[in-house]
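Please load the model in a viewer and keep the sequence panel open. The stops below are to be taken in order.

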Amino acid sequence: LTRLLDCVEKNEPFYLYTGRGPSSGAMHLGHLVPFLFTQWLQKAFNCPLVIQMTDDEKFLFKGEYSDESGDNLDYFANLTIENARDIIACGFDPEKTFLFSDLRYVGSMYPNIVRIWKSVTSNQVNNIFGFDGSANIGKIAFPAIQAAPSFPSSFPVVLNANRSSNMACLIPCAIDQDPYFRMTRDIAHKLTPKSHPLGGKPALIHSKFFPPLQGATGKMSSSDPNSAVFLTDSAKDIERKIKEFAFSGGQETKKLQEELGADLEADVSYQWLRFFLEDDEELERIGQEYGSGKGEYWSTGDVKTRLVKELQVLVAEHQRRRADVTTEVVENWMEERCILQKK
């Protein structure tokens, strides 16, 4: 990251790369966090952004086939469009953002995908991702497809790049994507010129763990509607989920809470406020009062009520923006075009 910031100081170009595996029609707040951070980065650095929709990956890992109806590849392709609407609603700059489906765009990346395949052995992939002999060949081949956008030459039109391009890449992503890019960084020097400021390697920023409603021991899942707040939830749904399911780090009785205060690290409502409450001074006050059991936010109920208010505003505003994103708008964002800032 230090070397990438050196590029910024020297006014040398770089681009952002992030992505989403479309596995369900409704995204939840855990999915939203990396995109909100990426949107902030794009605005702060006024830089181009590519967003990969890995509909191919989701079919390879979760797809189904039956002799009667065939496969469901089209299902994941359609999820790309639905998830793209949520991503666009995050407020990215349409002039500097290219959103693409692997199923549609893979041809432009294919030369680099082949180079990555040539550079990584099947044993390496199996060791990194835990594949065995039962994995379909697509699973073993896919990591190269996620790695390819790390190199500007995968975007000859979008970034006006070729193999001599030394444009740096910054990848904001969830921590579970790290294995893909560790593999990428190991072989990156083979796909970029020697003049590349980062030695060809992409720079990464991992988003902090976002706990499910049930706490650190639970799992935020699209198949469990009560494990997360979804971007399609109503204001009443949000209130019900937070008040009924958000794990509390507070004490069992009022007396103990006033004596000991809450465990802020375990409390889901407080942890979520750390992500979504913009006012740092208010967040600090809530933490001090809840952690000590004294003041306006001494109790779990008060903290949950504050979180509900914040999430209701956030989700309602997202839903309003998403309603304006039609299929035609999505297609415009997915059109292959140059997104570099015109001088």
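The tour begins with the cysteines and then turns to the aromatic rings.

The model is predicted, so local features need pLDDT of at least 70 and side-chain atom pairs count only at pLDDT 80 or more, while totals for chains, interfaces and linings use all residues. Residues are numbered from 1 along each chain as its sequence is written, and side-chain values use heavy atoms, with hydrogens and water left out.

Select the cysteines. The structure holds zero disulfides, a disulfide being a pair of cysteine sulfur atoms within 2.5 Å. For C7, the nearest cysteine sulfur is that of C169, 12 Å away. C7 is buried, with a relative accessible area of 2%; buried means under 20%, exposed over 50% and partly exposed in between, with a 1.4 Å probe and protein chains only. C47 is likewise in no disulfide, and the sulfur of C169 is 10 Å away. C47 is buried at 3%.

Next, display the rings of Phe, Tyr and Trp (its six-membered ring), which pair if their centres lie within 6.5 Å; planes under 30 degrees apart count as stacked, over 60 as edge-to-face and the rest as tilted. The structure holds 21 aromatic pairs.

Centre on Y15 and F155, an edge-to-face pair at 6.4 Å centre to centre with 70° between the planes. Y15 lies in strand β1 (residues 14-20) and F155 in the loop between α7 (137-147) and β6 (168-174), so the pair ties together parts 140 residues apart in sequence. Strands (E, at least two residues) and helices (H or I, at least four) are DSSP runs, numbered from the N terminus. Y15 is buried at 0% relative accessibility, and F155 is buried at 0%.
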